[in-house]
Amino acid sequence: MIPFLGAGASLCGRPELASWYQSGYLPSAGELADHLADSYAYPQEARELVRVSQYVELVAGDAALYEELHSIFGGTYEPNSLHELLAALPASLRTLGSVQPGQLLITTNYDDSLERAFTAAGEPYDLVYYDTDPNEPGKFVHVRPDGERAAIPRHTDYREFALEERSVILKIHGAVDRGDETADSYVITEDHYIQYLAHRSASELRAYLMARLRSSHFLFLGFGMSDWNVRVFLHLIWGAR
């Protein structure tokens, strides 16, 4: 089973009346859409994140959109109890004698809460994130436990992972980079999703990971099943099946 985290997973443990913006929590997709809409005078009543972010990019430019997103996802917040639970599972599996304690975890979130929870638990992990490029098809980048980065070559049988030793965190819609704002990557606007589909980006996850994805159950956490990010990714994995 593969945990699949959406923006709603960030609500775990958050007090019901707490404001994410004022209290140091991460926003849900709806809250982020409202924030962007209010900040940039979005003219329509319906506020779907992909459309609001597309509007911001059109009227203010992609640099303004990315700066706004970095200020949020690169801000001060802590991993919640869900992130900590997932980070504690490998040790529990080792205790039970599992031959493969490493997990494959997927997230559409841009923040680094899950990674920091694994670091705090002393669990090594491989990070794989989608790196957007306005001038060419995006690619997936592998960040090894020692911090070394390697672009995953297209159309190759890339197998530099070891789930029998450590987990893999797969961030399919990009990631914030606290150390270098210019290295941030986001799939968030309508145009981004169109490009993501057109280039069949998930098909670049060759062999090892794709085999796991196509033969596993998913536990969706923090999604509505009508969400575009779920639908796009499942289409890329399973096509018309």
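Which residues have the most contacts inside the largest nonpolar core? In this predicted model, in which local features need pLDDT of at least 70, side-chain atom pairs count only at pLDDT 80 or more, and totals for chains, interfaces and linings use all residues, they are Ile-106, Tyr-196, Leu-213 and Phe-233, within a core of 29 residues. Residues are numbered from 1 along each chain as its sequence is written, and side-chain values use heavy atoms, with hydrogens and water left out.

A nonpolar core is here a set of buried Ala, Val, Leu, Ile, Met, Phe, Trp, Tyr and Cys residues joined through side-chain atoms within 4.5 Å, where buried means under 20% relative accessible area, exposed over 50%, and partly exposed in between, with a 1.4 Å probe and protein chains only. In soluble globular proteins, nonpolar side chains tend to be buried together.

The protein chain contains 9 helices and 9 strands, these being DSSP runs numbered from the N terminus (helices H or I, at least four residues; strands E, at least two). The radius of gyration, taken over C-alpha atoms, is compared with a globule rule of 2.2 Å times the number of residues to the power 0.38. The value for the protein chain is 18 Å, close to the 18 Å that the rule gives for 241 residues, so the chain is as compact as a globular protein of that length. Its C-alpha trace spans about 55 × 40 × 35 Å along the principal axes, and buried residues make up 49% of the 241 residues. With contact defined as heavy atoms within 4.5 Å, 67% of the contacts between residues at least 6 apart in sequence join residues at least 24 apart.

An open sheet of 7 strands, with mixed pairing, has the order S5-S4-S3-S6-S2-S1-S9; two strands are taken to pair if DSSP finds at least two bridges between them. The edge strands, each of which pairs on one side only, are S5 (149–151) and S9 (218–221). Neighbouring strands are turned by 20° against each other on average, direction ignored, with axes fitted as lines to C-alpha atoms (for helices over the stretch in contact) and angles running from 0 to 180 degrees between N-to-C directions.

Within this sheet, S3 (residues 125–131) and S6 (residues 167–171) pair in the parallel sense over 5 bridges, and Val-128 has Leu-170 in S6 as its bridge partner. S6 also pairs with S2 in the parallel sense, over 4 bridges, with Val-168 in S6 as the bridge partner of Leu-104. S1 and S2 are likewise parallel, over 2 bridges, and Leu-5 stands opposite Thr-107 in S2. From S2, Leu-104 and Ile-106 point one way while Leu-105 and Thr-107 point the other way, and all are buried.

Helix H5 (residues 81–95) lies across S1 (2–5), S2 (104–107), S6 and S9, running at about 160° to S1. Helix H6 (residues 113–120) packs on the sheet, where it touches S2, S3 and S6, and its direction makes about 165° with that of S6.

A search of the whole structure finds 13 salt bridges, each defined as a side-chain nitrogen of Lys or Arg within 4 Å of a carboxyl oxygen of Asp or Glu. Arg-14 forms one with Glu-31, the closest N and O atoms being 2.5 Å apart; the pair links Arg-14, in the loop between S1 and helix H1 (20–23), to Glu-31 in helix H2 (residues 29–39), 17 residues apart. Arg-14 is buried, with a relative accessible area of 14%. Glu-123 forms a salt bridge with Arg-94 at a closest N and O separation of 2.8 Å. Because Glu-123 lies in the loop between H6 and S3 and Arg-94 in helix H5, this pair ties together parts that are 29 residues apart in sequence. Glu-123 is buried at 7% relative accessible area, whereas Arg-94 is partly exposed at 37%.
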